[in-house]
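Here is a short report on ring contacts, nonpolar cores and the chain interface. The structure comes first.

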Amino acid sequence: MSVFRVVLRAAGLCLASLLAVAGPREAHAQLEPEFYNDQPYAYGEWTMGRRVDDSQFRYCVDPRDPGFEQDGDVAEAIARALLLQPQRYVIPNTFEVEDLTRLYSILLQQCDVVMGFKLIPGGYPPWVGLTRAYTQVSYLFVTAKPDLRSLGDLPPGRPIAATGGTSAHVRLASYNLSLAPAKRWPIFPYGTDQMALEGLASGAADVALVWDPSFRALQKTNAAVASFRVIAPDPLPPTTLGVGGLMLRQNTFLRNAIDQAIAALTSDGSLAAIAAKFAAQAGGKPR
Amino acid sequence: MIAQALLRSTILATSLTVVTATMALAQTPAANNLASRVTTVTDDMLKNPPDGDWLQWRRTYDGWGYSPLDQINKSNVKNLKLVWSWGMTPGGTTQETPLVHDGVMYIQNSTHLIQAINAATGQLLWQYQHRLPEGVLPNGVRNKAIYGDNLYVATRDAHILAINAKTGKLVWDQQVADVKKGWGYTSGPLVANGVLIQGMTNCSNAQPGGCFFSGHDTKTGKELWRVNTIARGDTPEGNSWNGVPVEARYGASAWIAGSYDVEQNLFFAGVGQPYPWPAVLNGLLPKNADAKYTNNALYTDSTLAIDPTSGKLKWYHQYLQNDTLDLDYVYERLILDLPVNGQTRKTVVTTGKLGIIEAIDRTNGEWLWHKETVPQNVVQSIDPKTGAKTINPAVIPQIGQTTFNCPADPGGRAWQATSYSPKTRMLYMPTVEFCSNTVLNPLDPGQVYTGGGLATYNRVPVPNSDGKIGQVRAVKLDDRTDAWMYRQYAPVTTSTLPTGGGLVFVGTLDRKLLAFDDTTGQLLWTSPTFPNSIESFPISYMADGKQYIAVVTNWSSGLGRLKLITPDIALPAHNPHEVYVFAVE
C-alpha cells in the first residue's frame, strides 16, 4: 500500500467523522436560505432532511451529458480515495435543456456533488460551489469541407454554426468583432451541439464549433456527423476548460476533501488512466 | 409510554380531522350549490361583464384592469378590514389573478391545484389537481379565462385545460407542445369571439424558431391556427434576422395575455425580445453586409394584431429593434379612444420595460405618440413620426466590457400591469427606478444545464437617486401630462387597481397594500403588514351584494429582484402564498 493510500484512508476516516459534525450546520443553513436571486427554489424544501449516512460519497451523473460515464468513473475513484462508499444517483430527467437551478433540489435530496461541470470564472450563481478540475476538455471546430485545415482557411462571409453562449463561442465572437467588417464570418448560435452539427450537415454553415464529447458521441450515431473532421482552431488558441463537480456552496468540508483526492488521483496517474480509457473508446484525445 | 399514548391520540385526532375535513368538503350542499349555480359565460358577458364579476385577466377586453364598483370609496376606505384569507401552496411563484364569477372565486396554486372558493366567505367549493411531470418546478400562471361553462387554465408543462366551472371536473386537456424541449406557459388564455388564444413561452435553447400564439376550439381544445412570433421566409420580415437561419433564432416569447378589440375582431398582444439577450452573441451583431438582411429581429418587441377567427396576422408594430438588453415590450395592451392632434384616434397603448408609454393606431399599427416616465439611458431619441428609436451605443453590451444601462433588466415597469380609469382618464403605472452594471458571461456550465441570457445585470440605484425606488405614476392620457406620482423606498410589486370608488390599489415588496385617491394621489389607506410581499394582480368584485378587494401574496421575482439595493427588506424563507380579501365592515 502506498503512502498516498494511507494518507487518503486517514483523511477518509477523518472525513467520515467530521461529516457527522458538519451535517447539522449544513442543515441549519438550508433552513435559512437567502432570498431574492441567491437561492433557487426547491418545491417542498422544508421537508427535505439532512443526509443520514455519512460514510457514503453521494454523487450524481447525468446520462444526457456525453461524458457522464467518465465522470462516473472519476467519482468512483474519488470515493475510493476518501474511503467512502460510493452512492451513485443517475439523474432521470429527460428534458433537452434545463436551468442550472434544477440541480438545487437534486443536491438537497440525492447527492452531494454533480459531476461534469465546466469551471467558468463568474459563470455560476452564488449558491454553487465547484471542485477543482479532474479533467480538461476542449471545444472543436469541425467541418465537411475538404479544403479547410484550420479556421483561418474559412473564407470571410462563410458561416459558422456555434453552440450558442459557450465559452468558445464567446471567444470566437470576440475575435470576429475585432476583424475588419470585410474579414468577418457570420456566426449562427444554435441551442445545442447536435443542432449546430445539424446546421453543418444541412449546409447552413461551413464550420461548426462544438463540445468535444458531444461530437465524439454523435459521431457514433449519426452518419453525417461521422463524416465530419476536426480542424485546427488557428488563428484562435484552443478553448479548453477544466471540468469538475458542482456542489452546494456551504458544503465546504467535503469540497476540500474532494479537491485533495483529485490532486492525489492526478499525481498517481489514476485520472489520466480513466481519461485514456474513454478516449480510446471515443477515438479521440484523452479528456 | 405517556409520550406514545399522546402520540397515538394525536395521530388519531389528526386522522379524524382529515376525514372530517374531507367529509365537510363533500357534504356542503349549500356551498357546492353556489358553484353549480354559476351562470354560463357568454360572448356578450365578456364584452360587457357584470360590474361585480372579474371574468378575465384585466377584467374587460380593453385591458383596463378597472373595476366600476364604488361601495368602497374615498370616504370609507379607511374602514377596510380583512374578511377572509386562504392559504395557497407555498413556494415558487404565482403572480396570480383570481377570477370571480357569480360569487365564486377561481385561483391557481403554484402546484397547479385549481380551486373554486366562495368569494364571500372563503369556503372551498371544489378543487382540481393537474399533475406536473417530474422536472417541472411548481410555479403559477398569471391568468385564467372563463367562457361557457368552463374555466380555462394554462400549465407550466404546455397544456391547456378546460375545467367545468360548476363541478371542477376536467372537460379536456390539450397538450400544445413538448415540455421536454423547454416549452411551457407562464400566462394563461383569453377567449375572443369564441376562440381561445394562448401565447407560448420558454422558447430558448432547446427550441429554435421562437414562440407562437395559438388559437383553440373552446369545446375540444383542438388547435385551429398558430402565429409564429419570429418572422420567417424570404420577406422583409423574415429577412430581419441578419441572415441567421430560422433554426438558430430564439426567443420572441409570448408570455403575457393580450387584449381584444370587439369592433375590429382583432386580438392584440405583445412579444418579448430575442434570446440570448446580447446581440453580439445571438447573431444580430455585427450587422450583415448583405443589404438583403436587416437585424431588426421581427416580431420581437412588437404588438401583433391577429384575427382570432382565422389566425391571420393583420399587422404589427415593432417598438424596439434588435433589443440587446432584455427590454420586453410584451405587457398589457390598453384599447383606448384618445385625442391626438385634435382628432379622436382608436389607439392601443402599451409600455415596455423602458417605461416609455407609447400609442399606436389600432386599425393599422401607425405609431402616434410616446411619453417617458422612469429614468432611462437606452433610447437617445424617438422619431416623432414613426416612433423609431435611436439607441445609445454606450449601453449595448460588449464582450469583455461592463456597460451601464437604466433601467435594469426587470424594467422600469415589469409584468405588473398598468391600468386605466374611465372616470379620471388616467393611466396608473407601477414603476421602479434602478440601473445596471451589465457584463456578458458564458452559459455553458454543463451540457444540459444552462441558464440565464448570457448577461449579468448587477443592479444599482439611479445616480443621484432620492432613495425612493418604488413609484405609482398617474398620467392623463388625453394630453400625456403627469397627474401625480407617489414615491417610496420599497418597490411597488403589484398591478394597479383603479375602481369606481375613486381609489387606486397597489401592493409593495415590503408587504403592504395601499389605496390612493385616484385624482390626487393622496395615500388614503395602508393595510396591516402581510406575511409576504404582494406580487400579483389585485382585483375587486361583488359577492352577496358586498364589494371586496382581493390580492394574492407571494414573492415572485420581477420587480422584487432588488436585493442589491433593498437588502433590508426581509421576506420569509418558505415564501408563503395566500389570498387576502378585504371589505368595509
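The charged end of R226(B) sits over the ring of F212(B), 3.7 Å from its centre. R58(B) likewise lies over the face of W57(B), at 5.7 Å from the ring centre. A charge sits over a ring if NZ of Lys or CZ of Arg is within 6 Å of the ring centre and within 35 degrees of the ring normal.

This is a predicted model: local features need pLDDT of at least 70, side-chain atom pairs count only at pLDDT 80 or more, and totals for chains, interfaces and linings use all residues. Residues are numbered from 1 along each chain as its sequence is written, chains are lettered from A and ligands numbered from 1 in the order in which they are written, and side-chain values use heavy atoms, leaving out hydrogens and water.

**Aromatic pairs**

Over all chains, the structure holds 25 aromatic pairs. Rings of Phe, Tyr and Trp (its six-membered ring) pair if their centres lie within 6.5 Å; planes under 30 degrees apart count as stacked, over 60 as edge-to-face and the rest as tilted. Two examples follow.

| Pair | Centres | Planes | Class |
|---|---|---|---|
| Y175(A) and W185(A) | 6.2 Å | 35° | tilted |
| W64(B) and Y420(B) | 5.0 Å | 65° | edge-to-face |

Y175(A) lies in helix α4 (residues 167-178) of chain A, and W185(A) in the loop between α4 and β8 (187-190), 10 residues apart. Helices (H or I, at least four residues) and strands (E, at least two) are DSSP runs, numbered from the N terminus. Y175(A) has 24% relative accessibility and counts as partly exposed. W185(A), at 6%, counts as buried. Buried means under 20% relative accessible area, exposed over 50%, partly exposed in between (1.4 Å probe, protein chains only).

W64(B) and Y420(B) are both buried. The pair ties together parts 356 residues apart in sequence. Ring pairs also link F505(B), W525(B), F530(B), Y580(B) and F582(B) into a cluster.

**Nonpolar cores**

The largest nonpolar core has 99 residues; M105(B) and F505(B) are among those that touch the most other members. A second, separate core has 46 residues, including V243(A) and L271(A). A core joins buried Ala, Val, Leu, Ile, Met, Phe, Trp, Tyr and Cys residues through side-chain atoms within 4.5 Å.

**Interface**

The contact (heavy atoms within 4.5 Å) takes 58 residues from chain B and 55 residues from chain A. Across the interface the rule finds one salt bridge. K181(B) and E96(A) meet in a salt bridge at 2.9 Å, N to O; the cut-off is a side-chain nitrogen of Lys or Arg within 4 Å of a carboxyl oxygen of Asp or Glu.
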